[in-house]
Amino acid sequence: MQQPTDISMMIRSIEEHAFKAVPATKNRPYDGWLIRLSDGRTRRTNSVSFLDQGSLPYDEKLTFCENLFADENLPACFRMTPLADPPDLTAHLAARGYQMGGHTDVLVQDIDDIAAPAIPEVIELEPHLSEEWLNAHARIKCLSAEQQDGLQKTLTKIELPTCFASVKKDGEIISLGLGVLSESHMGLFDFMTDPAHQRRGYAAVIVKQLLQKAKSRGVQKAYLQVVRDNEEGLKFWSALGFASPLYSYYYCTKPGE
């Protein structure tokens with residue numbers, strides 16, 4: 001069996017952290033694969049991911065996964081990271097009619113040398129989800145009541161320490177973000193600013209404050225996931241030091257499912 005490299009071990013550690021930071025309703029390990037199922041809200045929590053090499057024939061495993069997703073009335077979807085097993089699984093999926101999409105970069109920054117930032121705004125950091133933070137998220141993203149309910153279920157299911165950050169103007173949250181911590185990593189999620197207050201640096205100061213929070217807890221690295229065609233997002237994160245992806249992933253899904 002091929003021995004894991006330092007890079008593959010780092011990728012695996014981030015993947016494991018992300019599974020806990022964005023939890024699915026159901027997690028089913030299956031011969032080195034991890035089948036994640038939720039309410040269909042996001043592909044991230046409704047797809048097959050990878051942790052270890054398996055021993056079963058890939059066609060048997062694909063059929064098993066497809067049947068499991070069909071039982072849940074969800075499209076069969078595979079989240080293809082560098083840990084995918086077998087390495088040529090994309091070709092096998094293409095032969096079964098799957099198509100690629102949703103290319104995403106995972107950006108990582110070492111935060112050992114981060115200096116304490118000068119924070120011009122009052123950043124509120126809360127260890128638990130509040131109704132105010134949730135409502136602000138739903139308002140800024142224009143979520144439906146059903147979508148907000150799904151978001152709440154995901155956020156309240158996180159078992160790692162969380163840090164819900166926000167900036168207020170006139171008593172209303174106008175910018176927010178989420179940090180999810182372990183002993184070694186902080187994952188950064190759900191950054192957004194009300195359109196009426198964008199391009200004023202609020203999101204950047206939230207990021208810096210969360211990174212400082214992570215540093216104070218001895219966390220070594222921060223990571224985030226950004227869709228590759230999000231040019232503004234990539235530019236924003238690059239300016240904060242998240243310049244080059246450690247790895248990338250994409251989804252394979254059958255059209256029409």
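Guide: A residue is called buried under 20% relative accessible area, exposed over 50%, and partly exposed in between, using a 1.4 Å probe and protein chains only. The model is predicted, so local features need pLDDT of at least 70 and side-chain atom pairs count only at pLDDT 80 or more, while totals for chains, interfaces and linings use all residues. Residues are numbered from 1 along each chain as its sequence is written, and side-chain values use heavy atoms, with hydrogens and water left out.

Side chains of opposite charge can pair when their charged atoms come close. A salt bridge here is a side-chain nitrogen of Lys or Arg within 4 Å of a carboxyl oxygen of Asp or Glu. Helices (H or I, at least four residues) and strands (E, at least two) are DSSP runs, numbered from the N terminus.

The structure has 14 salt bridges. One of them joins Asp 52 to Arg 12, with the closest N and O atoms 2.3 Å apart. Asp 52 sits in the loop between strand S3 (47-50) and helix H2 (58-71), and Arg 12 in helix H1 (residues 6-21), so the pair ties together parts that are 40 residues apart in sequence. Asp 52 is partly exposed at 37% relative accessible area, and Arg 12 is partly exposed at 26%. A network of salt bridges links Arg 12, Glu 16 and Asp 52.

Arg 139 takes part in a salt bridge with Asp 194 (3.0 Å, N to O). Arg 139 belongs to helix H4 and Asp 194 to the loop between strand S9 (185-193) and helix H6 (202-216), so parts 55 residues apart in sequence are tied together. Asp 194 is buried, at 16% relative accessible area, whereas Arg 139 is partly exposed at 32%. Arg 139 also forms a salt bridge with Glu 172, where the closest N and O atoms are 3.9 Å apart. Glu 172 lies in strand S8 (residues 172-181).

That leads to the strands. Two strands pair if DSSP finds at least two bridges between them. S8 and S9 pair in the antiparallel sense over six bridges, and a hairpin of three residues joins S8 to S9. Leu 181 stands opposite Met 186 in S9. Eight of the nine residues of S9 are buried. S9 also pairs with strand S10 (residues 221-227), in the parallel sense over three bridges.
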